[in-house]
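Subject: Model handover and notes

Hi,

Here is the model I promised to pass on. Could you open it next to this email and follow along?

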Amino acid sequence: MAIDEISVVTNGNPNCPTPQLVSDSTYCTTAVMNWVSGSGSSFCEYGPAGFTPGTGTMVNNAVSPLVVSGLNLNTAYDYYVYDICNSGTDTSFAALGAFTTNAGPIAAFNFGVNQGTVAFDGSISTGTNSWSWDFGDGNSGTGATPTHTFLSNGSYNVTLVVTDSTCGITDTLVQVVNI
């Protein structure tokens, strides 16, 4: 994935090369940042979008690609990469990058009833790779668009659990279906 945003922060020694950001990628609660160091020695600082440099999480002796984990889902982050020159006494201008972590799944479904048979549509769920259904009558199903025939009239609590296989995160929705 390409850098969401890139700029150069105006501090540091102009004789110390500014690192060049190449890319960043996000995976749920993890991000991977890639850059090219002009000096061979860098440090990285990251935090929520708009954080003040010096208040973020610092990674000394950072090497590209840098993998950071423990991030929050669906959150925008900024990061700065500095090169270190002259035996650690000077730092470069900082390259600023930005990324947003993935949102995770959101369970949602529609349904239509026709003479006791219900057609479910869970494909409106987002970030989803699998669907698991509990029809509330002792039966279950899988897939985005199952159908199920209820044997008697009544109100059934239908449960949909969606799972995003990339993140391993689930979301659950319960809706009442009247037959």
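Two housekeeping points before you start. This is a predicted model, so to speak of a local feature I needed pLDDT of at least 70, and side-chain atom pairs count only at pLDDT 80 or more, while totals for chains, interfaces and linings use all residues. Residues are numbered from 1 along each chain as its sequence is written, and side-chain values use heavy atoms, with hydrogens and water left out.

**The cores**

The largest nonpolar core has 15 residues, and Met33 and Tyr79 have the most contacts inside it. By nonpolar core I mean a set of buried Ala, Val, Leu, Ile, Met, Phe, Trp, Tyr and Cys residues joined through side-chain atoms within 4.5 Å. Buried is under 20% relative accessible area, exposed is over 50%, and partly exposed is in between, with a 1.4 Å probe and protein chains only. At least two residues of this core come from each of β3 (30-36), β4 (42-48), β6 (66-68), β7 (76-85) and β9. Strands here are DSSP runs (E, at least two residues), numbered from the N terminus. A second, separate core of 14 residues includes Val118, Phe120, Trp133 and Phe135.

Have a look at β7: 9 of its 10 residues are buried, so this strand is largely enclosed by the rest of the structure. Which strands does β7 pair with? Pairing means that DSSP finds at least two bridges between two strands.

- β4 runs antiparallel to β7, over 7 bridges; Cys44 stands opposite Val81 there.
- β9 is antiparallel to β7 too, with 6 bridges, and Tyr80 faces Leu96 in β9.
- β8 (residues 90-91) joins β7 through 2 bridges, again antiparallel; Cys85 has Asp90 as its bridge partner.

**The aromatic rings**

There are 13 aromatic pairs in the structure. Rings of Phe, Tyr and Trp (its six-membered ring) pair if their centres lie within 6.5 Å; planes under 30 degrees apart are stacked, over 60 edge-to-face, and the rest tilted. One of the pairs is Phe109 with Trp133, edge-to-face at 5.0 Å centre to centre and 70° between the planes. Phe109 sits in the loop between β9 (94-100) and β10 (110-114) and Trp133 in β12 (residues 130-134), so the pair ties together parts that are 24 residues apart in sequence. Phe109 and Trp133 are both buried.

Trp133 also pairs with Phe120, tilted this time, at 5.1 Å and 45°. Phe120 belongs to β11 (residues 117-121), and 13 residues separate it from Trp133 in β12. Phe120 counts as buried at 2% relative accessibility, and Trp133 likewise has a relative accessible area of 2%. Ring pairs link Phe109, Phe111, Phe120, Trp133 and Phe135 into a cluster.

β12 and β15 (residues 155-164) share 5 antiparallel bridges, and Trp131 stands opposite Val162 in β15. β15 and β16 pair antiparallel over 10 bridges, with Ile169 in β16 as the bridge partner of Asp164. The hairpin of β15 and β16 has 4 residues between the strands, and Gly168 takes a positive phi near 70° in it.

His148 is in β14 (residues 147-149). What does the side chain of His148 join in a polar contact? It is Asp137, at 2.7 Å. A polar contact is a pair of N or O atoms within 3.5 Å; within protein, one must be able to donate a hydrogen and the other to accept it, and residues adjacent in sequence count only if both atoms are side-chain atoms. His148 is buried, with a relative accessible area of 10%.

Cheers
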